[in-house]
Each structure stands twice: as structure tokens, then as C-alpha cells.
Amino acid sequence: MYGIVDIGSNTMRLVIYKVEGGKPRVLLNKKEMAELASFIQDGMMVADGINRACYILDSFNLLAKDLGVNNLHVFATASLRNISNSQAAVSEIEDRTGLAINY
């Protein structure tokens with residue numbers, strides 16, 4: 001089983017797949033309103049945005065583990081790529097959640 005998380009500017013989505021017969025089948029598709037774009041001030045993600053991202057990622061990680069997925073693949077879109085404190089924000093989110101983020 002595989003879990004993929006998409007961190008978007010407005011929503012965050014968790015999709016869990018199970019591979020059967022060499023073909024992936026969606027077991028779960030969960031979307032949360034994150035509204036991370038609203039937490040950008042002067043080109044930087046503020047603490048409340050980082051907290052929001054961590055809260056949702058923690059809930060996704062717990063749900064995935066409950067379903068037997070031990071490793072989530074997390075990808076961030078422009079919500080984390082195009083801010084001036086991108087590296088610091090991603091590092092803090094990774095440290096707090098224990099998840100590696102590709103951005």
C-alpha cells in the first residue's frame with residue numbers, strides 16, 4: 001500500500017493506494033481545506049500556516065498508519081515552493097511531523 005499527500009495552496013489531499021495484480025486501486029481519497037495561501041504575509045509563510053500544515057499532516061499520517069501505510073510520500077506545490085522562507089517552513093514541518101516533503 002502507498003500513501004501520497006499533496007500539499008496545495010488551498011487544500012491538502014491524502015490518497016491511499018493498494019496495488020493488486022500490478023494495478024493500483026484507490027482505497028481512500030481524503031481532502032482537507034488548509035487555505036495555506038491565506039497564511040502568507042510579505043511573501044513568507046507565518047507560524048499559523050505552518051501549524052495548520054502540521055495539524056493536517058499529523059492527522060493524515062495517523063489515518064494512514066491505522067490503515068497499514070507506514071510511509072507517506074508528501075509533495076508540496078507552490079504553497080511552499082514560492083515563499084521566501086520555503087526552506088525554513090519545510091524544515092519545521094518535517095521536524096514536527098516526521099515526514100519528508102518534496103517541494
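Thr97 touches Cys54, Leu57, Asp58 and Asn61, not counting residues up to four places away in sequence; contact here means heavy atoms within 4.5 Å. This is a predicted model, in which local features need pLDDT of at least 70 and side-chain atom pairs count only at pLDDT 80 or more, while totals for chains, interfaces and linings use all residues. Residues are numbered from 1 along each chain as its sequence is written, and side-chain values use heavy atoms, with hydrogens and water left out.

**Thr97 and its helix**

- Thr97 sits in helix H3; helices are DSSP runs of H or I with at least four residues, strands are E runs of at least two, and both are numbered from the N terminus.
- With a relative accessibility of 10%, Thr97 counts as buried (under 20% relative accessible area, with exposed meaning over 50% and partly exposed in between, for a 1.4 Å probe and protein chains only).
- A polar atom of the Thr97 side chain lies 3.2 Å from the backbone nitrogen of Leu99.

**How H1 meets H3**

- Helix H1 (residues 47–66) packs with helix H3 (residues 86–97) at an angle of about 40°, and their axes are 10 Å apart; the axes are lines fitted to C-alpha atoms over the stretch in contact, and angles run from 0 to 180 degrees between N-to-C directions.
- On the H1 side, Ile50, Asn51, Ala53, Cys54, Leu57, Asp58 and Asn61 take part, and they meet Ala89, Glu92, Ile93, Arg96 and Thr97 in H3.
- By class, this contact of H1 with H3 has six nonpolar, three polar and three charged residues (Ala, Val, Leu, Ile, Met, Phe, Trp, Tyr, Cys and Pro count as nonpolar, Asp, Glu, Lys and Arg as charged, and the others, Gly among them, as polar).

**The largest nonpolar core**

- Ile7 and Leu57 touch the most other members of the largest nonpolar core, which has 26 residues; such a core is a set of buried Ala, Val, Leu, Ile, Met, Phe, Trp, Tyr and Cys residues joined through side-chain atoms within 4.5 Å.
- S1, S2, H1, strand S6 (72–76) and H3 each supply at least two residues of this core, and the largest share, seven residues, comes from H1.
- Beyond its neighbours within four places in sequence, Ile7 has contacts that include Met12, Leu36, Leu57, Val74 and Ile101.

**Gly8 in its loop**

- Gly8 lies in the loop between strand S1 (2–7) and strand S2 (11–20), and is buried at a relative accessible area of 10%.
- The C-alpha atoms of Gly8 and Ala76 are separated by 6.3 Å, although these residues are 68 residues apart along the chain.
- Leaving aside neighbours within four places in sequence, Gly8 contacts Leu36, Thr77 and Ser79.

Methods:
A polar contact is a pair of N or O atoms within 3.5 Å; within protein, one must be able to donate a hydrogen and the other to accept it, and residues adjacent in sequence count only if both atoms are side-chain atoms.
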